[in-house]
Amino acid sequence: MQNRSALPLSQPTTHLQTRGWISGFFGMLIFSGSLPATRVAVLELDPLFLTAIRATLAALLAGGTLLIVRQPFPQRRDWFGLGLVALGVVLGFPLLTALALQHTTSAHSLVYIGLLPLATACFGVLRGGERPKAVFWLFSLAGAALVAGFALSHGSASGWQGDALMLGAIALCGLGYAEGAVLTRRLGDWQVISWALVISLPLSAVAAAFTVPATGAAISAQAWLSLGYVSLFSMWIGFIFWYRGLALGGIAAVGQLQLLQPFFGLLLAGLVLHEEVHASMIAVMLGVLVCVFGAKRFSGSSSLKVNRR
């Protein structure tokens, strides 16, 4: 019997892949707002508190939704994978990046965000059983090099602590993306991130309680609104679109959309924070677009498999 939460595969594969790319694009756009929102929030909120409270608030919303719709518990075989998702994208990536930004600049961190699609593709091979063509890896490497080169040319030097923390964050995030996409094929998109958030709730709630700011009344409305964005959109809604995109369009292929995330994030930063947007950013973004579409063209099998039970 097919799990009622699993993704439907009654449509032609090409149509499913197109839907996957559209869903993944919306997920990437939502994630692009995370950096500007985080920049506003950390001006007044401790990074550790921000990491813990965003996961806690998202978990309460996700858990409430699971209860309202009476979603059945995942099977025993799914809990390990959900634990990897929680470790990777709920706790590991937000925490390690928050700690890294104490040693480096946000511009320098773009070097590592450019490596995230490669990490996701690698874990897509290991955990998702995908086998992209050799040309795909050339486009993926070229896109990562463009993003990293742009970030290095506009960033500043970083201490080794920041670099090490960012490398760990990218590895955990790539694992969480790939594992979540595999589980989405069985459990459904919003169910995967919701269960991962619920699993993390005891730890995130305790951490939030111990790091709560003593002067909450002095925190501006802008900081609270930014916290709301990263809690609701970055931590929950964005993952619903993103996991569905990875599951339908292919982990390695759709993951390349994140090469565009730094540029959309910088554009939003220019609009929201009035930061300068350089013309070189547009030129590099066009090159990245070529790499993304090239990777899509040669991604090979998207491994659209759903386990039936």
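Analyst: Let's start with the bend: α9 has a kink of about 55° at L201, shortly before the proline P202. The bend at a residue is the angle between axes fitted to the seven residues ending there and the seven starting there. Before going further, please keep in mind that this is a predicted model, in which local features need pLDDT of at least 70 and side-chain atom pairs count only at pLDDT 80 or more, while totals for chains, interfaces and linings use all residues. Residues are numbered from 1 along each chain as its sequence is written, and side-chain values use heavy atoms, with hydrogens and water left out.

Helix α9 covers residues 189-211, which makes 23 residues. Helices here are DSSP runs (H or I, at least four residues), numbered from the N terminus. From first C-alpha to last, α9 reaches 31 Å, close to the 33 Å expected at 1.5 Å a residue; that expected span is 1.5 Å times one less than the number of residues.

Now for burial. Buried means under 20% relative accessible area, exposed over 50%, and partly exposed in between, using a 1.4 Å probe and protein chains only. The buried residues of α9 include D189, W190, Q191, V192, I193, S194, W195, A196 and L197. S200, S204 and A208 are buried as well.

D189 forms a salt bridge with R244, with the closest N and O atoms 2.9 Å apart. This pair links distant parts of the chain, since D189 is in helix α9 and R244 in helix α10 (residues 221-249), 55 residues apart. A salt bridge here is a side-chain nitrogen of Lys or Arg within 4 Å of a carboxyl oxygen of Asp or Glu. D189 is buried, with a relative accessible area of 9%.

By this rule the count comes to 2 salt bridges. Another pair is R186 with D78, whose closest N and O atoms are 2.6 Å apart. R186 lies in helix α8 (residues 160-187) and D78 in helix α4 (residues 76-100), so the pair ties together parts that are 108 residues apart in sequence. Both partners are buried: R186 has a relative accessible area of 10%, and D78 has 0%.

Methods. Helix = DSSP H or I, 4+ residues; strand = E, 2+ residues; numbered from the N terminus.
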